[in-house]
Amino acid sequence: MTPCATPSCRLPDLLEARRQDILRRWELRVGEVLGEGSPPRVAWVRGPPGLVDSLVDLLRGAHVALDLERARAFGGRLGRERYQAGVDAGTLVREFGLLRDAILEVLEEAGWLPELSGLRMLNQALDVGLADAVAQYGREQERGLRATESTLLGILDHAPAAIYAKDTRGRYLFINHTFAQNLGKSRGDVVGHTDQEMLPPDLAEVCELSDRQVLATGQTLVTDEHQLQPDGPHIFQSVKFPLPDAAGGVAAICGISTDVTEVRRAGRERDEAREHLSRIITQLPIIIWASDAKGIITLCEGEGLRVVGVDGSQLVGRNIFEVYADRPDLIEATRRAQAGECFALELEMGGSWFLTRVSPVLGPDGGVASVAGVSLDITERHRAQEVLRQSEMRYRLATQATSDVIYDWELGTGHIEWSELAARQFRLQPHQSLDIDAWTRRIHPEDRERVSREMQAVIDDGDSHWADEYRFLRGDGTWAVISDRGQVIRDVAGRAVRMVGAMQDITERRAAELEAKRRAEFEQLLIGIVSHDLRNPISAITMATTTLLRKENLDEWQRKVIGRILSSAERATRMLRDVLDFTQARLGGGIPMQPRSLDLHELTRQVVDEVQLANPERRLVIECSGDGRGLWDPDRLAQVITNLVNNAIHHSMEQGPVRVRTHGTHRAVALAVHNLGPPIPSELRTRLFEPMKRAERKEARDSRGLGLGLFIVKHIVDAHGGGLRVRSNPHEGTTFLVRLPRLLGREVAAPDVPHASA
């Protein structure tokens, strides 16, 4: 049985008794009618329960005006809460209507008989609450709109871009602070005016043309606008879009203009820099390449591709593991990079060498997203390094093969780099090293000052070569004689920076030279003594035999014996003279000459006549032609003629003649001695003019000489600045040809009477 079912039950008591039922019914109706647009439950709980309680108090109270004010205050609070909860005004009105329906439905079910005064008070309270709720809702909404508009205006005014709105006739409805600042006018000077009234004609025409295009198409338009401002021309990127009205038309044109001058300038500079970098990269001997995480080549460019004969565009999109399947080194490098390793290595491709730096590119998750690399062509450097390695190897082998100690002295630091032979040559201990100070201290005290002075003079005077010999202290305390040669190396300014040289241990050679000199001096002294001692008895024999031959009472046998004694003495005299000449040539610096003017034709005739007397059984033929005058030593040339003619007699057939021919030309006089007979063996020709080398042939009748004749002949001819040749063959025989220049330092005078030595 429902409470207060009788008509006598008062309305306030009934509302209070059925309060929860009213709220439940109202909540159910709100959910059914409003659905998703129903207010949140928290608003329902805080709203109508308080309103129902206010209705109960209003119907019981005696102060109607005060209770209505309470209902009005509650309605205002409810309107504010509904606005803050996001409920629209229509929902708020319907909420009050559903509350009225729930109350009347409960009263009807309770059998309440209407009381006009109570019903009037109920409706009046609900109407007052609804009116104030809607009014407060409106005030809150207006306050929110003003706050939103203020915030929006603040945002627009502080935006770096120029923002504006125009009506369809081109009059400005709104501009922000940036627009006014760029235009140099206030907002009041712009709003209500058109572009023709504020901008230059050409710029205004451009703006109006874009406005008409937006109005005609209803689409957003992006354009560039160029404006001349006090600091120079500026570029504005303008975005214009239509503002639709309720009917779907265009109510206004809105625009946003951004100053992109610096951005465009930076973009141009970036593009120019990128283009410049691209040109540099394409001209450098490098290859820039990249691949994704799966090994697909995404980039392959660079001048280095031309060197290896590869088209990079044909590699892009291919898998690196397939392209270089035959190059395990490249495959291994790719896998290392995909594993996150950064490294560098040298690779050979197409006959060229590249220094490749490989780096993984990490993605947001920290994994390897791609692999990038740069390959620099180092072919020339690689070749230079190979040449350097070969050079170093040759240098090392050369230093090991030579007996010289090679050094490289840095003049600035005093450090000396020695070849490996130094320690063994100088007999140094393993811990011993030689810098410039240690090297100087090891020079003999008597040589040290001279060596240092002359070396420093070469360095200071700009010379490039230094050489000296000095005594050097070895590591074992013995002294070595060193031949030192150094080459000074200077920089571009001419300053001496290094000296590279070689040190040779000539101790044994110097000792051998001293010993040879001592022996030579002894030999020369011995030969001089022997020659002097032999000359006197031989001269006595010659004088005695000559005196005996002058006697008239000698028979033929006696004359023949004395003639042989005289011939042997003369041969001994010649042998003694040859020995003295040989000694002088080998040990005394050459055979001395005493040139004077003479006629070689006359000298030759005289010498040949003397030889003919000693060899009456042989036929000697003389032929002379041209001018035979010259400046020569007559005694020495008589030796030459005598030795050559005797040599021809001894090595020719008895029945064949020996021909002696002299012929004068413009600058020289030639002497030729010819004989018939077997040629000189080829193995003897190369050493024919060496001492003690006689042509041992069966046909030679006399081989009792010392083998010094041709040796002395060559030295005498050389001393006259002439030349000596020999021609020998089976058909023509043997010819010795001497060529003597006419002058030896002065003009030839008239020939004196020739004098020939015996």
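In strand β5, Ile253 is the bridge partner of Lys166. This contact belongs to a predicted model, in which strand β1 (residues 162-167) and strand β5 (residues 250-259) run antiparallel and are joined by six bridges. Strand β5 is also paired with strand β4 (residues 232-244), again in antiparallel fashion, through nine bridges. Five residues separate β4 from β5, and the two strands form a hairpin. Within the turn of that hairpin, Gly248 adopts a positive phi of about 90 degrees. In a regular strand, side chains alternate between the two faces of the sheet.

Helix α6 covers residues 89-109, a run of 21 residues. From its first C-alpha to its last, α6 reaches 31 Å, which is close to the 30 Å expected at 1.5 Å a residue. Buried residues of α6 include Thr91, Leu92, Glu95 and Phe96. Further along the helix, Leu98, Leu99, Ala102, Ile103, Val106 and Leu107 are buried as well. Just after α6, Gly111 has a positive phi of about 75 degrees.

Aromatic contacts were examined next. A search of the whole structure gives seven aromatic pairs. One of them joins Tyr407 and Trp418, whose ring centres are 5.8 Å apart; the pair counts as tilted because the planes meet at 50 degrees, which falls between the limits of 30 degrees for stacked and 60 for edge-to-face. Tyr407 lies in strand β11 (residues 405-410) and Trp418 in strand β12 (residues 416-418), so the pair ties together parts that are 11 residues apart in sequence. Both Tyr407 and Trp418 are buried.

Phe426 and Phe472 form another tilted aromatic pair, with 4.9 Å from centre to centre and 45 degrees between the planes. Phe426 is found in the loop between α18 (421-425) and α19 (436-441), whereas Phe472 is in strand β13 (residues 465-473); the pair therefore ties together parts that are 46 residues apart in sequence. Phe426 is buried, with a relative accessible area of 2%, and Phe472 is buried with a value of 0%. Ring pairs link Tyr407, Trp418, Phe426 and Phe472 into a cluster.

An aromatic ring also takes part in a contact with a charged residue: Arg336 lies over the face of Phe343, at 3.8 Å from the ring centre.

Terms used
Residues are numbered from 1 along each chain as its sequence is written. This is a predicted model: local features need pLDDT of at least 70, side-chain atom pairs count only at pLDDT 80 or more; totals for chains, interfaces and linings use all residues. Side-chain values use heavy atoms; hydrogens and water are left out. Helices (H or I, at least four residues) and strands (E, at least two) are DSSP runs, numbered from the N terminus. The expected span of a helix is 1.5 Å times one less than its number of residues. Buried means under 20% relative accessible area, exposed over 50%, partly exposed in between (1.4 Å probe, protein chains only). Two strands pair if DSSP finds at least two bridges between them. Rings of Phe, Tyr and Trp (its six-membered ring) pair if their centres lie within 6.5 Å; planes under 30 degrees apart count as stacked, over 60 as edge-to-face and the rest as tilted. A charge sits over a ring if NZ of Lys or CZ of Arg is within 6 Å of the ring centre and within 35 degrees of the ring normal.
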